[in-house]
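Visitor: I would like to go through this structure with you, asking at each step what a label rests on. Please set each value beside its definition before you conclude.

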Amino acid sequence: MEEETQKLTAIHKKVRQRFRYSAITLLLYASFVICYTDAGRALSRPLGNSQINGALLLFTGLILLFLALEYLFLKRDKNPANPRRPL
Amino acid sequence: MNITAITLFLLFVAATLGISYWASKRTRSSGAFYNAGGQITGVQNGAAIAGDFMSAASFLGISGLIFGFGFDGLIFSLGAFAGWPLLLFLLAKRIRNLGSYTFTDVISQRLERTRIRLVAIVGTVTVVILYLIAQMVGAGKLIELLFGLPYEVAVVTVSLLVIAYVAFGGMLATTWVQIIKASLLLFGVTVIAFLVMQRAGFSFDTLFAGAAANHPRGATILAPGVLFQDPIQVATILVAMLFGVLGLPHILMRLFTVPTMYEAKKSAFFASLFIGYFFLLLVIIGFGTVYLLYGNPSFFADGKLIGGGNMAAIHLSQAVGGDLLMGFMSAVAFATILAVVAGLTVSGAAAISHDLYAGVICQGKPDPQKELKLGRLTAVVIGLIALALGILFQDQNVAFLATMPMVVAASVNFPVLFLSLYWSGTTTRGAIYGAVLGLIVSVVAIVVGPQVWVAVLGFEAPLFPYDYPALFTMPLAFITIWLVSITDNSPRAALDRNNYYALLIRSEFGPEEGELEVAKH
């Protein structure tokens, strides 16, 4: 019974962690819609003298951020049988 | 007729048929047929998932959209990419620990086996058939353009090759076809992107400035708002693409081809890595088409791009790499279709032979050899159905068919899968009502939307304003499952709720030994 409770506590902790990562991903993802609102007009303007604008940077940044989040998630979510194993 | 393309394509076909022959010697059980014996490594599986997912629509369609409308084409790239992190965070581990061959295995662990399997089979087969029609019609038209082959010859070639891969080599052959295709595609887009950047002096500023200078719409193409202005419309696409990925049966099935749960998670990460890399290069390729094609009249006839917008990336490959690179990319586009159709065929075959025959008709105790034979036979039948549908729909506007699988997967498969894994209150009745309502409402919303009501049926205005209704239909399915489940007082509902905790522990810790052994019949 005690073992079961411990397992459930560990699972709840993991689920919270998963939902945190998912919520961050969804929030970042939803931020892309801002490009299409009045509030996000500034993202359409070129940065300085360059042709690159905030929307293009946002697109690239989101893909790289999602990859970084996945890497971080895998690093933190270690194998319980072998905690030193990174993936 | 492009001789280079045909020669390279024949080489690809010879290599993949050789692999199918090799795989057929190793596919002696239904387990090997469905999940390649569970012996694919995480990196290989990541490449195969990428090969399964990076379709001709992604490569040619998105570059074509950027060619025509600039930045707005990137919405589809982001939408198609963002599902992968969530697959890793929410689903990979639990699906791998609970299932054997299909996502239906996972949801039938705690819900009433027969009824929930039947619903999941309907969801799977609907997605597979819709996806197949879009792929086959796209394949016929694309190959007609690229190779100069008649439409019917193209459709027959795709069907016969896919039947050969899947019926004989099962998931093992399909996996290697997908890995080879992913490697070729990633190599091809890397070469094109490099050559485009070389032309731009390795300066993004020069690339974007050149694109803005050449495009008839000028600098507006570098920013959002040319193709889409309504933020709700953008949200509908993003929701359908993201949650659609999480409900695609042929993608979820790939999580069972690796030996352990850790390899499954690695698969999801490496798939993201390959797909993310691909979509980042599409930015260069997409704006490269604008930069290098608009100023070159040899790619235009009567003021329009030869072959239409979908040919922009192929023309770009010729502009930067001559006939050799164009031939290579044409062959890769053909291979791309084969790999995607093969993945769909395995998934459809598993839905019938494993989920229906073994799971429902034989109540989980099938004759393994009969099941394997049925799997092979189903693959042949699906290949023939794909052939028939490809010919039947050849003159139809199938753009809407490309939207339907993602919407149906997001509105039917994903809500049932997610709630059965994460909410203890889910009951069989709730899951069935939610899935059925999700399916009906999403199909109706697409039919009365712009893609069918206006473009196909010829009405002046759509009854529903959005192409991708998942923003509305997916929450409806979630609410229905919740509402029906909390009001369900049947004895089965009590059992479904009680099943949750045992399933929860197994989904996180695996079987008692720790890592899940590959399931065998």
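Visitor: What makes Arg41(A) count as partly exposed?

Guide: Arg41(A) has 43% relative accessibility, and the classes are buried for under 20% relative accessible area, exposed for over 50%, and partly exposed in between, with a 1.4 Å probe and protein chains only. The value of 43% therefore makes Arg41(A) partly exposed. As to where such values come from, this is a predicted model in which local features need pLDDT of at least 70 and side-chain atom pairs count only at pLDDT 80 or more, while totals for chains, interfaces and linings use all residues. Residues are numbered from 1 along each chain as its sequence is written, chains are lettered from A and ligands numbered from 1 in the order in which they are written, and side-chain values use heavy atoms, with hydrogens and water left out.

Visitor: Why is the pairing of Arg41(A) with Asp38(A) called a salt bridge?

Guide: The term requires a side-chain nitrogen of Lys or Arg within 4 Å of a carboxyl oxygen of Asp or Glu. In this pair the closest N and O atoms are 3.4 Å apart, and the contact is accordingly listed as a salt bridge. In general, side chains of opposite charge can pair when their charged atoms come close.

Visitor: What separates Glu263(B) from Lys266(B) along the helix, and are the two residues buried or exposed?

Guide: Glu263(B) and Lys266(B) are 3 residues apart in helix α12 of chain B (residues 261-293), so about one helical turn separates them; helices here are DSSP runs of H or I with at least four residues, strands are runs of E with at least two, and both are numbered from the N terminus. Their side chains meet in a salt bridge at 3.6 Å, N to O, and both residues are buried. Another group, made of Arg18(A), Lys93(B), Arg94(B) and Glu508(B), is joined into one network by salt bridges that share partners.

Visitor: How do you know that Lys265(B) is buried, and which residues does Lys265(B) touch?

Guide: Lys265(B), which is found in helix α12 of chain B, has 1% relative accessibility and therefore counts as buried. Leaving out residues up to four places away in sequence, Lys265(B) touches Leu74(A), Asp77(A), Leu88(B), Ala92(B) and Lys93(B), where contact means heavy atoms within 4.5 Å.

Visitor: What makes Ala351(B) buried?

Guide: Ala351(B) lies in helix α13 of chain B, and its relative accessible area is 0%, so the residue is buried. Apart from neighbours within four places in sequence, Ala351(B) is in contact with Ile121(B), Thr124(B), Val125(B) and Leu356(B).

Visitor: Why is Asp302(B) called exposed, and what is noted about its phi?

Guide: Asp302(B) has a relative accessible area of 83%, and is therefore exposed. Asp302(B) sits in the loop between β1 (300-301) and β2 (304-305) of chain B, and its phi is near 55°, a positive value in a residue other than glycine. Gln363(B), also not a glycine, has a positive phi of about 50°; with a relative accessible area of 45%, Gln363(B) is partly exposed, and its place is in the loop between α13 (312-361) and α14 (368-392) of chain B.

Visitor: What makes Lys13(A) exposed, and which element supplies the largest share of the positive patch?

Guide: Lys13(A) has a relative accessible area of 59%, so Lys13(A) is exposed. Lys13(A) is found in helix α1 of chain A, and helix α1 (residues 2-30) supplies the largest share of the positive patch, 3 residues.
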